[in-house]
Amino acid sequence: MMEHVPLNFPFLAAALLVGISFYILIFKRNLIKLIMGIGMLASGVNLFLVALGYRAGGNAPIYTDVPEGPMVLPVPQALTLTSIVINVAVLALMLTMVILIYRHTGNIDSKKSRILKG
Amino acid sequence: MRQVIGLIVLLVVIAFLVSGMLQFIHPFGYPPSDIDDYIIEKAQEETASNNVVASVVFDYRGFDTLGEATILFTAVTGVLLLLRTVKRKEKNS
Amino acid sequence: MLSKIVRTAANQLILFILIFGLYVIAHGHLTPGGGFQGGAVIVSGVVMLLVAFSSKELKKSLRERTLSVMESSGALIFIGLAFAGIGIAFFYNFLVGTPIFGRIPVTGPNPGDIWTGGVIPLMNFAVGLKVVAGLSAVVLAMALFSSGEEIEE
Amino acid sequence: MDKLLTYSPILIIAIPLAVAFLIPLISRAGGKARNALVIASLAFVEFLVIILARDIYLNGIHIYTLGAIAPDLALPGGVMVPIRIILEVDAMSIFMGIIWATVSLTAAIYSLSHMARETGQTRFYTLSLLMVAGCFGMIFTGDLFNLFVFLEITSISGAALIAFRTRFADAVEGGFKYIVISAVAGLMFLFGVGLLYAQYNSLNIGFLASVMQYSMLDKIALTLFLMSLTIKTGMVPLHMWYPDSYSVAPANITAMLVITSHACMYAVFRVCFSLYGITLGVAALGWIVVIIGLLTMFVGVTMAVFQTDVMRFMSYHAISQMGYMWLGVGVGLAVLGNPEALATYGRDAIGGGIFHILNHAMYKPLLFLTAGALYHRTATRDLNKMGGLGHNMKFTLILYIIGTLSIAGIPPLNGFASKFLIYESVYQFNPVLAVVAMLVSIITLASFTKAFQSAFTGPQLPEYKDVKEVPKPMLIGMGILAAGIIFTSIFPGLVLEHIVYPATDALINQAAYVNGIMGGIP
Amino acid sequence: MIESPSGFWEPVVWIIAAIVALLIAYFIQRRGEKTYKKGVQSETFLMGNPKLSEGETHVRAHNIYWGFFEGLKKYYVPTINAHTGIINDHLVWLTAGIAIVIIILFIAGGI
């Protein structure tokens, strides 16, 4: 049981995940790495949402043969489930578009494979 | 130049997020919970389901789940739309 | 098209994956899980088949048209269940207290009863059907595209 | 009829969804049945929106609690906190709803013949209806996470539709830029929602507005909301993806995407006025929005002057017209703190900005559709290759002239009426802003004259000797918008009194929005 | 009829005034030169050079406002260079916007 967590460790981890994914989004020109960065950003946000709902020493909010004790908050878990599925859908569409970009221009570098500018 | 600007703004954003996460948010493990207490307490007789998360997903916030299923449907339709008629294009060209 | 050992093992394993996925879908209102999770489990089995056999082989048994019809019907069942309660309110859980899935469990910890949950198990099944059809359609389309196959309209 | 009125907020969202799920099955019966179903459902949604609007202007805010024992009971079971998702439709929401219903119906009629030669029409119409439903959800919902979900629906369907012509590389590139920007913006928005949920343990806009304290986390959340929503509206300096994406889509899709960016702008207003409202009694946010508006107007129009791709040219003009709305509403936001300034010119400024949304939502889709008509006949978007098309495409020429005069703010067309309000009220706030706004309007007229001259006038080019007028459905689609422009031009006071000022007051009056949810609870 | 803090706008009055002005202009034009021969005087005069074919006489789009663009090069060159169509740069702008706005809100304070 992690009753006494020093300095909100999971929230800090979520913030750092968001920061690292922004580093990837800014500095990585490879489109696949860009999509990986968006996936990391989504996992950071999901970690933050799920960490919001944790209650010290709580069980999963399911009454089937649950032991005594408090229950963690159910709503953030539902939000996280929704956001995970949304992220899956977005990633699928992005990867499809990267496949098509590669078919058309022959590379997946965001600088070499661009046509529209100015 | 671009690298320097990117790093600076990135560090500013990370600093604000981390300060917010460390100082201003509630201590981890002790969240404010009036809605969730109501749901945990009433879910069994209102939605007749043992799994409170399922009752939130499909009853209390079922509209979000409809939107979520719609997003999946949208993405699948979009993928099948974008990956269509490739052979025909290659035949033409 | 991998070796014969892999194909035989996949042929055996797909049964267990299907059964486990269906269990996760069916017990979504009692245990952790639900439509999305169970559907993802079954789609992992489809991906295993796609790896073991080639996409041409799989296209013979699973066609995109069938998959899209399955997905649309799943979505229609879901939104239809939501519409069915519109006499009171959209998304009203109208099956609570009725003989089908209508039993109300005792408050507090209990062993669990499959006939509870109102519309939640039905919605789980609809969502599971939709997720299975949709994600397998995406995976199959990508595999067919990268192998240069024709993707039907 | 009365029950239909009660259920109309959810039916407006759910009917396009259900029809979109139904289309892959219906399309077995052939294309005609599918198109008829699409047009019929959109017309029915338009009818529902109109009766709902009439009731809202008479009786005030409608709420719809999903899954409760009674739809209009926001707080079932006597709890003090809204548990379920609540749709809250006030005058501002229904204002956007009227615009969106009309433009989507118009674009659907237009696409009947504009898309006739393309493949994959079934999935095209499915995604269009999903986009309609998603934007209606964004407009009508009163729940932050629900707003995020519908924002994602709109973004994903929009990205797939932008990349519809996959045989061109630039279409796929535009779609990819749109989906990446939308995904990052959506996740930032979700992070902000999580920050608010961590403090107040609620997701309902009305309840959050009643307990908002404007603490540090609220400031971070406000920043995330602002940036993640304004990047979807193409605000300078976050506008660079906007022309790339909007210029490669089919014209009817671009006409709808313009209104989706207006819906994101509506979400910004909702967050600034209804969620934070008076608690941010600082002029800083208002000045940020005003300066953003000036930059947006000026950079957009100056970048548009030398464009030669007609759709790209109009996309930059869409950016620059957004600046007027930011300017007007920003002035109102800056004086939200002191009531007498708000009464003298702040309300007029916000009203001018919102009236400009209405006008822009009529003439910018009209111009995009005329550009699509040019593409339909000449199969190119390059203005350098066009010329002398006015000899054969006379109706398109007339509609283009109407749109041009309206966007340039030439009296007596409606563009002038809204710009007049913005000039007058902004002048009292700060004269320099009004001068810049008029300069931008002049450059707009000049650049549209350029496009007019190079596309329509001049001698008949040999390659376009036998080009014909576009088919009837496209002319009907454009004609509906032109008729709206003419009506708004002749009766601006009527529209302003009955549609625009109620929306303005609904934005300013935060207490009414909160009471719509919290009922009698103090 | 729109009432604004300092003025009003009534389109119908404006249209009537415009029609009256058009009529006056038409009458003035009626009293103009009668000996105008349409076929001859409406032709383009090219210093006696041979008549160009259609399409060559049409002024293309990129020629219009060329001087405007040349005159404002100091503004245009950096602005266009800022519009690199690279997606990473758009995200840099987004991050910079977040940083700037959050700093302004943090300094400006509030209630």
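Predicted model: local features only at pLDDT ≥ 70, side-chain atom pairs only at ≥ 80, totals over all residues.
1. Fold content of chain D. The secondary structure of chain D consists of 19 helices and two strands. Its radius of gyration is 22 Å, close to the 24 Å given by the globule rule for 522 residues, so chain D is as compact as a globular protein of that length. Along the principal axes, the C-alpha atoms of chain D occupy a box of roughly 75 × 60 × 40 Å.

2. Packing within chain D. Of the 522 residues in chain D, 76% count as buried. Contacts in chain D between residues at least 6 apart in sequence are 80% made up of pairs at least 24 apart.

3. Extent of the D–E interface. Nine pairs of chains are in contact, and chains D and E share the most contacts among them. On this interface, 71 residues of chain D meet 47 residues of chain E. The two chains bury about 4,900 Å² between them, with 75% of that on carbon and sulfur atoms. On the chain D side, Met227(D), Met240(D) and Asn384(D) lose the most area to chain E, together 11% of what that side buries.

4. Helix H8 (residues 216-230) of chain D supplies the largest share of the side touching chain E, with eight residues. By class, the residues on that side of chain D are 42 nonpolar, 20 polar and nine charged.

5. A pair without contact. Chain C and chain E do not touch, and their nearest C-alpha atoms lie 24 Å apart.

Terms used: Residues numbered from 1 in each chain as written. Chains lettered and ligands numbered in written order. Heavy atoms only, no water. Contact = heavy atoms within 4.5 Å. Buried area = accessible area lost by both parts, 1.4 Å probe. Helix = DSSP H or I, 4+ residues; strand = E, 2+ residues; numbered from the N terminus. Nonpolar A, V, L, I, M, F, W, Y, C, P; charged D, E, K, R; others polar. Rg over C-alpha atoms; globule rule 2.2 N^0.38 Å. Buried < 20%, exposed > 50% of the residue type's maximum accessible area, 1.4 Å probe, protein only.
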